[in-house]
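Thanks, everyone. Please have the viewer open.

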Amino acid sequence: MKISEFQRLIKDLYYEKDIERGVGKTFFWFIEEVGELSEALRKNKNLGEEFADVFAWLVSLANLCGIELEEEVRKKYPDYCIKCGSRPCKCEEGL
């Protein structure tokens with residue numbers, strides 16, 4: 001499934017609830033899920049489920065903000081490192 005397809009699915013399923021909740025409260029749910037992912041990483045349990053939850057809430061936020069994630073990801077992360085132009089990245093920063 002493409003990111004755009006998943007984003008459409010989440011919108012079809014939850015957009016009305018997301019609108020009622022609003023961006024602020026949806027962001028809080030997203031952060032809560034990030035916390036659950038943190039715990040899952042620490043315990044090495046339910047990793048896939050927690051990654052999926054974080055992604056779903058991120059997509060919900062994008063929907064509320066009118067952001068097409070797949071389009072933005074392609075712009076921000078082309079097929080090469082935007083700093084050094086290499087694939088894979090050969091930048092020394094962040095090591």
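Start at the loop between H1 and helix H2, which spans 47-65; asparagine 44 is found there. This is a predicted model, so keep that in mind throughout. Asparagine 44 has phi near 55°. That is a positive value in a residue other than glycine. Is asparagine 44 buried or exposed? Exposed, because its relative accessible area is 60%, and exposed means over 50%.

Now asparagine 46. It is found in the loop between H1 and H2. Asparagine 46 is exposed, with a relative accessible area of 52%.

Helix H1 covers residues 3-43, and lysine 25 sits in it. Lysine 25 is exposed, at 54% relative accessible area.

Next, the whole fold. How many helices and strands does the protein chain have? Three helices, zero strands. Read along the sequence, the pattern is α-α-α. The radius of gyration is 16 Å. For 95 residues the globule rule gives 12 Å, and 16 Å is well over that, so the chain is more spread out than a compact globule. Along the principal axes, the C-alpha atoms fill a box of roughly 45 × 35 × 25 Å.

What share of the residues is buried? Buried residues make up 25% of the 95. The accessible surface of the chain comes to about 7,300 Å². Carbon and sulfur atoms account for 55% of that surface. Now contacts. Take those between residues at least 6 apart in sequence: 58% of them join residues at least 24 apart.

On to the annotation. UniProt, in an unreviewed entry, lists residues 29-73 as "domain: NTP pyrophosphohydrolase MazG-like". What does the model show over that stretch? Residues 29-73 are 87% helix and 0% strand. The end C-alpha atoms of the stretch are 22 Å apart.

Then the cysteines. A search of the whole structure finds zero disulfides. The cut-off is within 2.5 Å. Cysteine 84 counts as partly exposed, at 32% relative accessibility. Cysteine 65 is partly exposed too, with a relative accessible area of 47%.

Last stop, the segment after helix H3. H3 covers 69-76, and proline 88 lies in the segment that follows it. Look at the peptide bond from arginine 87 to proline 88. It is cis, with omega near 0°.

To recap. Three helices, no strands. A chain more spread out than a compact globule. No disulfides in the whole structure. A cis peptide bond from arginine 87 to proline 88. That's my tour; over to you.

Definitions and conventions. Residues are numbered from 1 along each chain as its sequence is written. This is a predicted model: local features need pLDDT of at least 70, side-chain atom pairs count only at pLDDT 80 or more; totals for chains, interfaces and linings use all residues. Side-chain values use heavy atoms; hydrogens and water are left out. Helices (H or I, at least four residues) and strands (E, at least two) are DSSP runs, numbered from the N terminus. Buried means under 20% relative accessible area, exposed over 50%, partly exposed in between (1.4 Å probe, protein chains only). UniProt positions are given in the numbering used here, feature names are shortened, and annotations may be inferred rather than shown by experiment. The radius of gyration is taken over C-alpha atoms; the globule rule is 2.2 Å times the number of residues to the power 0.38. Contact means heavy atoms within 4.5 Å. Accessible areas come from the Shrake-Rupley method with a 1.4 Å probe; for residues, only the protein chains shown count as cover.
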